[in-house]
Amino acid sequence: MSLWSRIANVFRGDRLSREIDEELQSHIEEATEQGRDPAEARRAFGAALQLREESRDAKLIPWLDSLRADAIFGWRQLKKNKVASAAAILSLALGIGACTGAFRLIDALLLRPLPVAAPEQLYALARQGVGPEGKLETFDGWAYPAFQLMRAAAKDQAELVAISYSDRTDVTYGSDQEFEKAYRQYVSGRMFSSFGLRPALGRLFTESDDVKPGGHPYAVLSYDYWAHRFGKDSKVIGRTFRMDKSLYQIVGVGPESFTGTEPGTTTDIFIPTMMHPGAVRRDSTWIRTLARVKPGVALEPLAVKLGAVSRAFEEDRAKSFTNMPEKEIENYLNQKVLLEPAARGVSDLQSDYRRPLAALAVLVALVLLIACANVANLMTAQAAARAREMALRVSIGAGRARLVQLVLLESAWLALLAAALGAAFAGWSAPLIVSMINPPDNPVHLLLPADWRVLGFGLVLTVAVTLLFGLAPALRASAIKPVSALKGGEDPHARRRLMHALVGLQTAFCFMVLFVAGLFVATFERLSHQPTGFSADRVLTLETVTESPQSPDNWEQVAEHLRGVSGVEKVAIASSALLGGWSWNNFISVNRAPPKGVLAYLLSASPGWIDAMRIPLIAGRDFRAGDTCPGSALVNQTFAKEFFNGENPVGKQFDMVFDEGGGLHFEVVGLVRDVRYRSMREPILPQAYFPFNAVDDKSALRARDYGMLIVRTSVANPLAMGSMLRREVVRARPGFRVTNVRTQTEINESHTLRECLLARLALFFGLVALLLAGVGLYGVLDYSVLQRRREIGIRMALGAQAGDVARRVTVEVFSMVLAGALAGLALGMAAVRYIESLLYQVKATDPAMLALPALAIFAAALLAALPPVIHAVQTDPLTVLRSE
Amino acid sequence: MPKPDSLQGSLDLLVLKILSRQPRLHGYAIMTSIQARSGEVLRVEEGSLYPALHRMEEAGWIRAEWVTKENGRRSRLYELTAQGQKQLAAEESRWAAVTAAINRVLRTV
């Protein structure tokens, strides 16, 4: 109670003083009434002010009181230099905000543990080995039967659970016309209890929900999905929905915090693994395996043990790999099992964005440091102007510590205001950046809570920043020698040296930021201008599914119907869109020879597909209506080079051979130009296209329930036709349904989203860094010209030329800029190897990459130096000397 | 806490004792009361009385209250708290111990 009242008294100091004074006054009056001489009574008190201070100190906490007084003084000081303070706060806010924003992203994606019991015990199983492309690859997908064997083998050391990759699928709670999208994950029945999760409603899965393939048509909804789809309706339990032609019943809702195991995706619906058609297949890797390792179990032996089980499984499977090259089988079997920490979940977003986010974090930290250097210089310059005030304070008895406190509190004000502004900036920017990660129709769901972690980071950052830019000026101010300061002396060069060093540092950081930004922008530029080989303009892809498999004739009928729609130029059918994220590959054998270890990438397409995609035909012909798969094939130039030594392949034959023996026979009917199939970065892949019309062993046409309708329109914005084409597909033939509409342009751009994001953000921060460094340079030069006015005046009076004056004023600073740029260059070169994997066709040693930041910095330096130099040159010796 | 042998210690003791006899006194009355009861021997300095009062108030031994007198002026009246009672007992016994010790020294030397 006493402590509290003393703290409270700090904040009503004026009232406290008044009360003490009043009490003393009443004492004197009392004494006078009793007949004492008023003057004598007053004198008896001695120094009333000292008495009041003594009483005050008894009633409050002196250090807190001094802190309060200094804070108020600091605030007044800030208000006095409004423009300078605002500039300092804004630049710091940008730095702090950017850092906090980056931290929020990194924390949400990479640092935050899953909301499960003992997340640190979780590991993800992955296999590492030499892949078909000859590079070391890590893959975390597993076949379900392999998982079962490993689970049994490891049961004493760890509990293994299977969790499928989250995928976006169609579900309907009503009729077929009401399909909607939902993110689904197949999970082991044991997952919820292993994670220590409790239902928010109904029940979660148990082991008994995961026994018989296809036997457990139950679903658990995520809390998030339950809230936004059903408005937290408790009657949702027992409702059914249809998905993949099966009916599922909702049995429960998961806990509020749990959104699946993939940061970046919020799972809507959990289904038991046994409901997945791949649950019994040995050749389909569709699950991730998470292991909850029991405390005290060594990881290495466990990984070896799991590796042995996995190898035995694959060896058994490999017995049937008659068509696979020896070397491939060997590489495949030699894969090592790794246990990778999974406390923070496992997702592709994590692996894709770990490095880019780290690079961005470094860039924003550098920007913050540049801003700090600016503010430090500003504070130093202000401290110079206030040297007399400080000297006076020392002379009347202020201690060094008190002066440090005074100046640091001013810095703290700047930092606090900047942090508040920065928090708003981070609050706005982090979700914006998340929304830029994926295309709008498939957004990234990253929870960005502003909780104690973010708050703590912001506070630590604010304190660090305060010390960073405030401590040096504060120590300098406190070390003042009153005698020399009051005489107007003091060594002015010491102060300037500190400022110049900071200018050098700023330039170095600025150079590095610009250099890295330049690399990212060039990467994006080159990647987005990679020729794809086809034309994406005005092309719409309609991902189409049917209720039951439909004959190729029916598919063709739908395509024909769309051709009659106004605004539609061409329609073709393919098994997938080029660059659409779906890939199908196989080994190829020419002349029945054993296949060489090169994979060909495949796609089924209807006649007219190359025309719709504007892929030029180089030789031979396009597919005709009668062509079937197996039978005819189109191949690209790289395929011809790879498998036919670059000869004209038309008329030549090849086999697509299956690992387990057998295969399909094709004759090349046409050669087409190279197009991009899977990625913008890799070299063009050898590709073969087969007719969409496939026949089985008995030459009967195969029915299909999935296809991609490729529509080339004549309108500038094809997406506007999307909903109309959806309806036309349903009208064309009942049972056909479009599940997803994307433009080919959007599909292409999705491959450069990450680079685009990096380039944009890096460029933004590069410009901010340049601006801050320019402002900083201007400030320092302006200060030094002001400080040297007398010297300049004298020199000019003695006949110094304008050029001479300008040179004198700038030479020191410019040599610091030069040194800084060189240091920045070295830093940038050293840093480049950490971001090499993010670059494309750009080298750090590229002269253009080095010249651009150098030019930008020197242009900015010249621009910043111009006003102070003009100011210096225009100094009128008479006025200056007269004013002294 | 003041050291047991300091003068401040005895000032605290005197103030507490006076207030235990006569609750609700203002500073001037406390001062004059000490003076009168000590037979005009002890004079409390205004300069030490008020800081001591404010310190004891923050320590919770005494509490103060503003009252408006009939002539419209405000004065601040002090009284002992329960904690102050305990403190008084402690101070008294310590005073007794100290004086007894001093007396012993005076007798034996």
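Predicted model: local features only at pLDDT ≥ 70, side-chain atom pairs only at ≥ 80, totals over all residues.
1. Overall form of chain A. Chain A contains 27 helices and 24 strands. Its radius of gyration is 37 Å, well over the 29 Å that the globule rule gives for 884 residues, so chain A is more spread out than a compact globule. Along the principal axes, the C-alpha atoms of chain A fill a box of roughly 125 × 75 × 60 Å.

2. Domains. The assignment for chain A gives domain 1 as 2-60, domain 3 as 119-343 and domain 5 as 539-714. Domain 2 is given in two segments, 61-112 and 348-490, and domain 4 likewise in two, 507-526 and 751-884. Between the centres of domain 1 and domain 4 of chain A, taken over C-alpha atoms, there are 59 Å.

3. H12(A) with H23(A). Helix H12 of chain A covers residues 348-385 and packs on H23(A) at an angle of about 10°, the axes being 10 Å apart. The angle makes H12(A) roughly parallel to H23(A), and their crossing is left-handed. Sorted by class, the residues of this contact are 22 nonpolar, four polar and two charged.

4. H23(A) with H26(A). H23(A) spans residues 753-787 and H26(A) residues 847-873; the two helices of chain A pack at an angle of about 25° with axes 9 Å apart. This pair too is roughly parallel, because angles under 35 degrees count as such. The crossing of H23(A) and H26(A) is right-handed.

5. Residues between H23(A) and H26(A). From H23(A), the residues that meet H26(A) include A:Leu770, A:Ala773, A:Gly774, A:Leu777 and A:Tyr778, together with A:Leu781, A:Asp782 and A:Val785. Among the residues on the H26(A) side are A:Ala856, A:Ala860, A:Ala861, A:Leu863, A:Ala864 and A:Ala865, as well as A:Pro867, A:Pro868, A:His871 and A:Ala872. The contact of H23(A) with H26(A) divides into 15 nonpolar, two polar and one charged residue.

6. Contact of chain B with chain A. Here 16 residues of chain B are in contact with 18 residues of chain A. On the side of chain B that touches chain A, the elements giving two or more residues are helix H2 (27-37), helix H3 (46-59) and strand S3 (74-80) of chain B. H3(B) gives the most to that side, with eight residues. The side of chain B that touches chain A comprises four nonpolar, six polar and six charged residues.

Note on methods
Residues numbered from 1 in each chain as written. Chains lettered and ligands numbered in written order. Domains from an automatic or database assignment. Axes fitted to C-alpha atoms, helices over the stretch in contact; angles between N-to-C directions. Helix = DSSP H or I, 4+ residues; strand = E, 2+ residues; numbered from the N terminus. Parallel < 35°, antiparallel > 145°, perpendicular 65-115°, else oblique. Left-handed = near helix turned anticlockwise from the far one by under 90°. Contact = placed C-beta atoms within 7 Å. Nonpolar A, V, L, I, M, F, W, Y, C, P; charged D, E, K, R; others polar. Rg over C-alpha atoms; globule rule 2.2 N^0.38 Å.
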